[in-house]
Amino acid sequence: GLEHRASTALVAPRRKLPRIGMAGEGGALDDGYADLLGLISHEYFHTWNVKRMRPAEFARLDYTQENYTELLWFFEGFTSYYDDLMLRRAGLVDDVRYLSLLAKNVNAVLGAPGRRVQSVAQASFDAWVKYYRSDENTPNATISYYAKGALVALALDLSLRSASGGKATLDGVMRALWAASVGGPISEADILAAAAKAAGARRGKAIAAE
């Protein structure tokens, strides 16, 4: 998938397209079609998180060279968290399927030795030279800012809900960031400040440290 400001370009295997009789027992979605819906959801969420609200380093892009940021874990990773969550909220997947998708992502991160070597910020910065240029040592030296970033989002969401008795959520943080930036560039400091404010100053500092 490739997001654009008012459209998207999606490529998927034909087997993942919807077809008559594809629903399983009880009307459950076919695994391939569920994956496709997740991709569509991901790129749709990018309409706000990437194409409008974006890294401060991308406020003005220089198309003659690489543009670096350490925040892809937020813009791609948090979008990866919301893509499946949006499917659940829309009723397109049930609790069992959603938890299975979460477990798949957790296992993917835990199964990557590189998670002990590279932080999500480093993975973001190195995207130009490592993420899209994989070799035989990639699993040992890198981590996906998509996958681990999604788990950071999950952990933050659960921490906020736990600390506030359900009154503070990641949804609130995202809305606060959007309002403060007027749908424009944001920095890591902005993200930490919004999370801290949502949880309360003391708990917010603890969450930021985690």
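The largest nonpolar core of this predicted model has 42 residues. Six of them touch the most other members: F74, F78, Y81, L170, M174 and L177. At least two residues each come from α1 (31-45), α2 (72-75), α3, α4 (95-110), α5 (120-125), α7 (147-164), α8 and α9 (188-199). The top contributor is α7, which gives seven residues.

**Around Y81**

Y81 is one of the core residues that touch the most other members. Which residues does Y81 contact, leaving aside its neighbours within four places in sequence? They are Y98, A150, A153, L154, D157 and L170. Y81 itself belongs to α3. L170 belongs to α8, and A153 and D157 belong to α7.

**Two helix pairs**

Two packed helices are described by the angle between their axes and the distance between the axes. Helix α8 packs with α3 and also with α7. The table sets out both pairs.

| Helix pair | Angle | Axis distance |
|---|---|---|
| α3 (residues 77-89) and α8 (residues 170-181) | about 120° | 13 Å |
| α7 and α8 | about 105° | 8 Å |

Take α3 and α8. Their axes meet at an angle of about 120°. Therefore α3 is oblique to α8. The crossing of this pair is left-handed. On the α3 side, the contact uses F78, Y81, Y82 and R89. On the α8 side, it uses L170, D171 and M174. By class, this contact has five nonpolar and two charged residues, with no polar ones.

Now take α7 and α8. The angle here is about 105°. So α7 is roughly perpendicular to α8. From α7, the contact draws on A153, L156, D157, L160 and R161. From α8 come L170, D171 and V173. The classes are five nonpolar, no polar and three charged residues.

**The loop at T47**

Where is T47 found? It sits in the loop between α1 and β3 (54-55). T47 is in contact with R5 and R52, leaving aside neighbours within four places in sequence. T47 and A9 are 38 residues apart in sequence. In space, the C-alpha atoms of T47 and A9 are 13 Å apart.

Methods
Residues are numbered from 1 along each chain as its sequence is written. This is a predicted model: local features need pLDDT of at least 70, side-chain atom pairs count only at pLDDT 80 or more; totals for chains, interfaces and linings use all residues. Side-chain values use heavy atoms; hydrogens and water are left out. Axes are lines fitted to C-alpha atoms, for helices over the stretch in contact, and angles run from 0 to 180 degrees between N-to-C directions. Helices (H or I, at least four residues) and strands (E, at least two) are DSSP runs, numbered from the N terminus. Angles under 35 degrees count as roughly parallel, over 145 as roughly antiparallel, 65 to 115 as roughly perpendicular and the rest as oblique. A crossing is left-handed if the near helix is turned anticlockwise from the far one by less than a right angle, and right-handed if clockwise. Contact means heavy atoms within 4.5 Å. Ala, Val, Leu, Ile, Met, Phe, Trp, Tyr, Cys and Pro count as nonpolar, Asp, Glu, Lys and Arg as charged, and the others, Gly among them, as polar. A nonpolar core is a set of buried Ala, Val, Leu, Ile, Met, Phe, Trp, Tyr and Cys residues joined through side-chain atoms within 4.5 Å. Buried means under 20% relative accessible area, exposed over 50%, partly exposed in between (1.4 Å probe, protein chains only).
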